[in-house]
Amino acid sequence: MGRAFEFRKARKMKRWSAMSKAFTRIGKDIVMAVKEGGPDPDSNSRLRAVIQNAKSVNMPKDNIERAIKRASDKSQGDYKEVIFEGYAPHGIAILVETATDNNTRTVANVRSYFNKCDGSLGTSGSVVFMFDHTCNFKIKGENLDLEELELELIDFGVEEIFEDTDEDADGNEVNSVMIYAPFESFGKIQAYLEENNIEILSSGFERIPQVTKPLDAEKVADVEKLLEKLEEDDDVQNVYHSMVEAE
């Protein structure tokens, strides 16, 4: 198994801390998708992907529809995607993806977290090159030949395909297949899966560290303080780092 598999396994141990945080994040994704491509998921591939993700975390259909309606309102403000880069204690690279309607507030908050936790907020480009920007798809695994699927998708740049397991809302184990590819391959892979009636359970983008750094328990705790503060902020969508995550 490759880096994407190990990354996926580690991050599964650290899901969104609360369902409300997941809903807040997806609500912003819906606004950005609607503002970019309109409210009709049939003609807006980004919105289709966000709706799939909303369903994967059991976001009620009414909530999804309300979010789309609000996003369609011209008075609804837009969110700007802003990336912050820096270092946590002990030389751990940190990459923070935010979606904000008030950049001044977000910059001030993120800077304060780094300062309070003995980290340092860097300039644009200071650590982003240390992470590979990837796209991923989780698809239903029934009646799929993984080798054949990998051969079909290799021309789209797919780097890893592997079987995965999750739990549904009732706690039952569900088998699925994960696909990882470069960021720019998202549209082509999404189109292929939809054209071949392969059900997409969720999809998204991740930044996988090229090199990770192991720390002892005391140093891990220092880094975790910063990660927790960042992840609790409503403007923060994702936090990536180069620390080896304990299982």
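This is a predicted model: local features need pLDDT of at least 70, side-chain atom pairs count only at pLDDT 80 or more; totals for chains, interfaces and linings use all residues.
**Note on the sheet around strand E2**

1. Thr98 stands opposite Val236 in E8. E2 and E8 run antiparallel, joined by 5 bridges. Strand E8 covers residues 236-241.

2. On to the sheet as a whole. Its 4 strands come in the order E3-E1-E2-E8. The sheet is open, and the pairing is antiparallel. Which strands stand at the edges? They are E3 (120-121) and E8. Each has a single partner strand, so one side of each lacks a neighbour in the sheet.

3. Strand E1 spans residues 80-88 and pairs with E2 over 9 bridges, in the antiparallel sense. Ala88 has Ile92 of E2 as its bridge partner. Ile83 is bridged to Glu97 of E2. In general, strands of a sheet pair through backbone hydrogen bonds, either parallel or antiparallel.

4. How much of E2 is buried? Of the 9 residues in E2 (residues 92-100), 9 are buried, so the strand is largely enclosed by the rest of the structure. Side chains in a regular strand alternate between the two faces of the sheet. In E2, Ile92, Ile94, Val96, Thr98 and Thr100 point one way. Ala93, Leu95, Glu97 and Ala99 point the other way.

5. Next, the turn. E1 and E2 form a hairpin, with 3 residues between them. His90 is in that loop. Its phi is positive, about 70 degrees, although His90 is not a glycine. Most residues other than glycine have a negative phi.

6. Asn143 is another non-glycine residue with a positive phi, here about 60 degrees. Asn143 lies in the loop between E4 and helix H6 (146-153). Its relative accessible area is 84%, so Asn143 counts as exposed, the cut-off being over 50%.

7. Helix H5 packs on the sheet of E3, E1, E2 and E8. Which strands does H5 touch? H5 touches E1, E2 and E3. The direction of H5 makes about 15 degrees with that of E1.

8. H5 also meets a helix. Two packed helices are described by the angle between their axes and the distance between the axes. For H5 (residues 103-116) and H8 (residues 217-232), the axes come within 9 Å and cross at roughly 165 degrees. That makes the two helices roughly antiparallel, because angles over 145 degrees count as such. The crossing is right-handed.

9. Which residues make the contact between H5 and H8? From H5 they are Val110, Tyr113 and Phe114. From H8 they are Leu226, Lys229 and Leu230. By class, the contact has 5 nonpolar residues, 1 charged residue and no polar ones.

10. Last, another strand pair. E4 (residues 131-140) and E7 (residues 200-209) run antiparallel. They are joined by 9 bridges. Phe131 has Pro209 of E7 as its bridge partner. E7 is mostly covered, with 8 of its 10 residues buried.

Methods:
Residues are numbered from 1 along each chain as its sequence is written. Side-chain values use heavy atoms; hydrogens and water are left out. Buried means under 20% relative accessible area, exposed over 50%, partly exposed in between (1.4 Å probe, protein chains only). Two strands pair if DSSP finds at least two bridges between them. Axes are lines fitted to C-alpha atoms, for helices over the stretch in contact, and angles run from 0 to 180 degrees between N-to-C directions. Angles under 35 degrees count as roughly parallel, over 145 as roughly antiparallel, 65 to 115 as roughly perpendicular and the rest as oblique. A crossing is left-handed if the near helix is turned anticlockwise from the far one by less than a right angle, and right-handed if clockwise. Contact means heavy atoms within 4.5 Å. Ala, Val, Leu, Ile, Met, Phe, Trp, Tyr, Cys and Pro count as nonpolar, Asp, Glu, Lys and Arg as charged, and the others, Gly among them, as polar.
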